[in-house]
Amino acid sequence: MPIKINKLEIENVKRVKAVKIEPTASGLTIVGGKNNQGKTSVLDAIAWGLGGNKYRPSQANREGSVIPPHLHIVLSNGLIVERKGKNSDLKVIDPNGVKAGQQLLDSFVEELAINLPKFMNSTSKEKANILLQIIGVGNQLFELEKQENEIYSNRRAIGQIADQKAKYAKEQPYFPDAPKELVSISDLIQQQQAILARNGENQRKREQLATIEQQYTMRAQEVERLKQQLANAEMNLAKTAQDLEIAKKSSLDLYDESTADLEANIQQIEEINRKVRTNLDKDKAETDAHDYHVQYTKLSTKIDEIREQKASLLKNANLPLPELSVENGELIYKGQKWDNMSGADQLKVSTAIVRKLKPDCGFILLDKLEQMDLETLQDFGKWLEQEGLQAIATRVSTGEECSILIEDGYVAGQEQIPVQQPVETKTWKAGEF
């Protein structure tokens, strides 16, 4: 069973003169009163009594009192905790009368239960880490969030590159009449030289035709002049006529090719290749953009999978409160981060988490509950009762919601409680016993 405070007696601590309290076992025990009456001194005394000398107030003795502080706390497990005497030494007695010390108290008293501001003033990351360690998923969630952050950064970079590639491709002009590959000037020159060679061959054949025609004329004249050589001339004439016919046929098939297009291409090759390069850059940018978008989509899927694992991890964990979770290293309650939570919700979340730290510690100290309205205060008290948790709280109020009222260092109605009397110091005289 969680250990709670059954009885509490405080004398001469800070503003407290003499106070006796029996807190309710579960729910809220509200110590009310006006300012500077000793409400917070009650909580400070409990923290000092159970938490050790690190919680000792800097001015523990009540101002004007010659009697040292006295604390007497009875716990539900039967332990009696006392601090008294000049040095306010600690004495812890178990039900069997065996003395113990601070080590025994530390085994079940949760530090944050008596020092809740330490938790509430911690960073969002520290709060979330405490919760994750409590529910036992801190390391797993840390690894998942590390993976998610790495993939998210990678996806973001790839998305930026994809957008840049797509923008670059969109801004590039496109020339549909340009060839698909870069044009080589040496290839064009070779084509030009081949055409010029063929044209030169044609010219040679034309010159050959003129020569043959000239020979035919001369030989025909020779036949006329040289009748005596008719036979030989006729033979030569026949042969020449045969050559003439062949040459004429060959000449008819000849076609001179123009080099104008190639010459124009050679002159325009830089402009043509500029267009080709532009088209190739545009095609490559579009392809790259598509590839990066595919990678972006795959990484998005991985991020979604990791987030599902995180959600499943937290969903199956034994969380202190419904609707309490951790997202991106921060506590989330009812969809709100810590700085967006109401003061009441912050107290509720803090109390629930601190309770989980040491389940054996069945109480918690809460200062300044005036931030809660009466309805919220009532709901908070009911929640504490359902949880079986004891809360001793202060509130600047004298209303009916207060369990007790502190006035000038006393519980209202207990002003007649006797305060410790100074211990008489016996004076010894020589020769007297």
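**Contacts, helices and ring pairs**

Me: Leaving aside neighbours within four places in sequence, what is Glu-82 in contact with?
Reply: Once neighbours within four places in sequence are set aside, Glu-82 is in contact with Leu-71, His-72, Asp-89, Leu-90 and Lys-91, where contact means heavy atoms within 4.5 Å. This is a predicted model, in which local features need a pLDDT of at least 70 and side-chain atom pairs count only at pLDDT 80 or more, while totals for chains, interfaces and linings use all residues. Residues are numbered from 1 along each chain as its sequence is written, and side-chain values use heavy atoms, with hydrogens and water left out.

Me: Which side chain does the side chain of Glu-82 make a polar contact with?
Reply: With that of His-72, at 2.7 Å. A polar contact here is a pair of N or O atoms within 3.5 Å; within protein, one must be able to donate a hydrogen and the other to accept it, and residues adjacent in sequence count only if both atoms are side-chain atoms.

Me: And is Glu-82 buried or exposed?
Reply: Glu-82 counts as buried, because its relative accessibility is 12%; buried means under 20% relative accessible area, exposed over 50% and partly exposed in between, with a 1.4 Å probe and protein chains only. Glu-82 lies in strand β5, residues 80-84; strands (E, at least two residues) and helices (H or I, at least four) are DSSP runs, numbered from the N terminus.

Me: Changing topic, how far does α11 reach from its first C-alpha to its last?
Reply: Helix α11, residues 374-387, has 14 residues and reaches 20 Å between those two atoms, close to the 20 Å expected at 1.5 Å a residue, the expected span being 1.5 Å times one less than the number of residues.

Me: Which residues of α11 are buried?
Reply: Leu-377, Phe-380, Gly-381, Trp-383 and Leu-384 are buried in α11. They sit on the same side of α11 because they cover an arc of only 160° around the axis, the arc being that of the directions from the helix axis to the C-beta atoms.

Me: What do the buried residues of α11 pack against?
Reply: They pack against β3 (27-33), α10 (343-357), β11 (363-366) and β12 (390-396), whereas the face turned away from the buried side carries the exposed residues Glu-375, Glu-385 and Gln-386.

Me: What is there at the start of α11, and what follows the helix?
Reply: At the start, a side-chain oxygen of Asp-373 comes to within 3.1 Å of the backbone nitrogen of Glu-375. The helix is followed by Gly-388, which has a positive phi near 65°.

Me: How about α5, which of its residues are buried?
Reply: In α5 the buried residues are Lys-127, Ala-128, Leu-131, Leu-132 and Ile-135. They are on the same side of α5, because the arc they cover around the axis is only 130°, and on the other side Lys-125 and Gln-133 are exposed.

Me: How many aromatic pairs turn up in the whole structure?
Reply: A search of the whole structure finds two; rings of Phe, Tyr and Trp (its six-membered ring) pair if their centres lie within 6.5 Å, and planes under 30 degrees apart count as stacked, over 60 as edge-to-face and the rest as tilted. Phe-119 and Trp-338 form an edge-to-face pair, 6.3 Å centre to centre and with 85° between the planes. That pair links distant parts of the chain, since Phe-119 is in helix α4 (residues 116-120) and Trp-338 is in the loop between β10 (336-337) and α10, 219 residues apart. Both Phe-119 and Trp-338 are buried. The rings of Phe-380 and Trp-383 have centres 6.0 Å apart and planes at 15°, so that pair is stacked.

Me: How many residues apart are Phe-380 and Trp-383 in α11?
Reply: Phe-380 and Trp-383 are three residues apart, which means about one helical turn between them.

Me: Where is Asn-12 placed, and what is its phi?
Reply: Asn-12 is in strand β1, residues 5-13, and its phi is near 60°, a positive value in a residue other than glycine. Most residues other than glycine have a negative phi. Asn-12 counts as buried because its relative accessibility is 0%.

Me: Last one, where does pLDDT stay under 50?
Reply: It stays under 50 over residues 422-433, for which the model has three contacts beyond four places in sequence. The chain averages a pLDDT of 84, and 91% of the residues score at least 70; pLDDT is the predictor's confidence in each residue, from 0 to 100.
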